[in-house]
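My notes follow the model itself.

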Amino acid sequence: MKRTKIVAGNWKMNNTLEEGVKLAGQIATAKGQTEARVVLCTPFIHLTAVGTQIIGAQNLFLGAQNCHQEEKGAYTGEVSASMLQSVGVEYVIIGHSERREYFKETNAQLAQKLDIVLSKGMTPIFCCGEPLAVRQKEKHVTYVARQLRESLFHLDAATISKIVIAYEPVWAIGTGLTASPEQAQEMHASIRKTLSRKYGKKVASGLSILYGGSCNASNARQLFALPDVDGGLIGGASLKAEDFVTIIHSF
Ligand code: PGA
């Protein structure tokens, strides 16, 4: 089955508005025709301006890095799914390991975030992945399966088909340590297997599963060539237009 290829840039808490708009413009100009869908997940305050900057660019979409799980209300400092939708956001990263670690987001809370993002017609990019200590104990497969079970398994088969999954081993994020092709393929295949057991082979084989964690212009081609890797979620290397454009063309 032919799956959608996706490369999403996660800018995290980087770039002023001016720098962000400039970067988006450089990417829109340099990227050319791509087979992959390209998503720019910018800080909230950049969304409107970056959205305007990328209008009309082929296969280029606006993404957010998080949203609150409630519809609206007294949640000072938070941003709702409706707000994101109202500025043209099409993808929302949910459950990034930095959100899980620093903001104590739980699997149950992430399930709620997925629901609200889906209810607004946007596509969640759901992140999963094990910390180093779990990998060292060789418990990574069961750890990630649990993240999937607790955040996704309430969804029905038609709905699960609308999400994108990103496998991001925590020990590889921002560290320059990339998962080896064998490690990435093992986990991507096991994620697909976990979903296949619950939703059937056809649904699981249609899901796009991205790799994230020190993916860069030099290693993207090798990672994207793996049978169960359908693209990448890119942090550091998404902040330089030239590197990001190289990654987009690494299929
Ligand atoms: P990195 O980040 O590419 O800088 O490792 C990836 C991510 O956190 O999404």
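I count a salt bridge when a side-chain nitrogen of Lys or Arg lies within 4 Å of a carboxyl oxygen of Asp or Glu. The model is predicted. By this rule I get 11 salt bridges.

**Entry: Glu 105 and Arg 99.** I find their side chains joined in a salt bridge, 2.9 Å from N to O.

**Entry: Glu 71 and Lys 120.** The closest N and O atoms of this salt bridge are 3.0 Å apart. The pair links distant parts of the chain, 49 residues apart. Glu 71 sits in the loop between S3 and H3, Lys 120 in the loop between H5 and S5. I read Glu 71 as partly exposed, at 38% relative accessible area. Lys 120 is buried, at 18%.

**Entry: Glu 35 and Lys 2.** Their side chains form a salt bridge at 3.6 Å, N to O. Glu 35 is in the loop between H1 and S2 and Lys 2 in the segment before S1, so the pair ties together parts 33 residues apart in sequence. Lys 2 is exposed, with 70% relative accessible area.

**Entry: helix H12.** Which residues of H12 (241-248) are buried? I list Ala 241, Phe 244, Val 245, Ile 247 and Ile 248. They cover an arc of only 155° around the axis, which puts them on the same side of H12. They pack against strands S1, S2 and S8 and helices H1 and H11.

Technical notes
Residues are numbered from 1 along each chain as its sequence is written. This is a predicted model: local features need pLDDT of at least 70, side-chain atom pairs count only at pLDDT 80 or more; totals for chains, interfaces and linings use all residues. Side-chain values use heavy atoms; hydrogens and water are left out. Buried means under 20% relative accessible area, exposed over 50%, partly exposed in between (1.4 Å probe, protein chains only). Helices (H or I, at least four residues) and strands (E, at least two) are DSSP runs, numbered from the N terminus. The arc is that of the directions from the helix axis to the C-beta atoms. Contact means heavy atoms within 4.5 Å.
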